[in-house]
Amino acid sequence: MTVTDHSQQLITVAAQAAADKLAHNIIAFDVSEVLSITDAFLIASANNDRQVRAIAEEIEDQLREKLDVKPVRREGEREGRWILLDYLDIVVHVQHSEERSFYSLDRLWKDCPELPLPEDALASRNRPDAHTDAAGNAVAPAVAPADDFGKPEDRF
């Protein structure tokens, strides 16, 4: 069994909506072979709670406007660290970068085939502000230097 055309359509719209709100490391997996409850997972991350909420809201808005669908379940909004949107055919996970690194859903589902995504969503994996390790897993950002003016003796 593979992802249905309808599920792929949902993934495409949701991934583009996430990319429009500058989500990082957007990836979709075809989980239809290993799960009977859904066809696909979409995973996206953000660096702060406000952006997690904004991404989830944009995904909901775009899926409602373009495909006339609403999630049957939404979880995690109060904390804003991990919002799950369940559309039955697909499940969307919008995670804070720290949660994504800790729970590592990418590693859990890595044996499942990746689904095609819009170019903007694929580009989210290479954003300078997307923090990933060599395997592509989200990691906490490195601490930035205090300033970018160089050494004190070089300033004048």
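In what order do the elements of the chain run from the N terminus on? Colour the chain by secondary structure and follow along: α-β-β-α-β-β-β-α-α-α. That gives five helices and five strands. Keep in mind that this is a predicted model.

**Stop 1: the whole chain**

Show everything first. The chain has 156 residues, and 45% of them count as buried. The accessible surface comes to about 8,900 Å², and carbon and sulfur atoms hold 51% of it. Now think about contacts. Among those with a separation of 6 or more, 65% join residues 24 or more positions apart.

**Stop 2: the sheet**

Five strands form an open sheet, in the order β1-β2-β5-β4-β3, with mixed pairing. Look at the edges. β1 and β3 (73-75) stand there with a single partner strand each, so one side of each has no neighbour in the sheet. Direction ignored, neighbouring strands of this sheet are turned by 10° against each other on average.

Now go through the pairs:

- Select residues 24-30 for β1, which pairs with β2 in the antiparallel sense over five bridges. Asp-30 stands opposite Ala-40 in β2.
- Select residues 90-96 for β5, which pairs with β2 in the parallel sense over seven bridges. Find Ser-45, whose bridge partner in β5 is Gln-95.
- Select residues 82-86 for β4, which pairs with β3 in the antiparallel sense over three bridges. Arg-73 stands opposite Asp-86 in β4.

**Stop 3: two helices on the sheet**

Bring back α1, residues 5-20. This helix packs on the sheet and touches β1, β2 and β5. Its direction makes about 5° with that of β2. Next, bring back α2, residues 49-67. α2 also packs on the sheet, touching β2, β3, β4 and β5. The direction of α2 makes about 160° with that of β5.

**Stop 4: strand β2**

**Stop 5: the nonpolar cores**

Stay on Leu-42 and show what it touches. Its contacts, not counting residues up to four places away in sequence, include Ile-11, Ala-14, Ile-26, Val-92 and Leu-117.

Now widen the view. The largest nonpolar core has 31 residues. Those with the most contacts inside it are Ile-11, Ile-26, Leu-42, Ile-59, Leu-63, Val-92 and Leu-117. At least two residues of this core come from each of α1, β1, β2, α2, β4 and β5. α1 gives the most, with eight residues. Apart from this core lies another, of ten residues, among them Ile-27, Ile-43, Leu-105 and Trp-109.

**Stop 6**

Most residues other than glycine have a negative phi. Two residues here are worth a click. Select Leu-22, in the loop between α1 and β1. Leu-22 is not a glycine, yet its phi is positive, at about 65°. Then move to Asn-25, in strand β1. Asn-25 is not a glycine either, and its phi is positive, at about 50°.

Is Asn-25 buried or exposed? Its relative accessibility is 4%, so Asn-25 counts as buried, the cut-off being under 20%.

Notes
Residues are numbered from 1 along each chain as its sequence is written. This is a predicted model: local features need pLDDT of at least 70, side-chain atom pairs count only at pLDDT 80 or more; totals for chains, interfaces and linings use all residues. Side-chain values use heavy atoms; hydrogens and water are left out. Two strands pair if DSSP finds at least two bridges between them. Helices (H or I, at least four residues) and strands (E, at least two) are DSSP runs, numbered from the N terminus. Buried means under 20% relative accessible area, exposed over 50%, partly exposed in between (1.4 Å probe, protein chains only). Contact means heavy atoms within 4.5 Å. Accessible areas come from the Shrake-Rupley method with a 1.4 Å probe; for residues, only the protein chains shown count as cover. Axes are lines fitted to C-alpha atoms, for helices over the stretch in contact, and angles run from 0 to 180 degrees between N-to-C directions. A nonpolar core is a set of buried Ala, Val, Leu, Ile, Met, Phe, Trp, Tyr and Cys residues joined through side-chain atoms within 4.5 Å.
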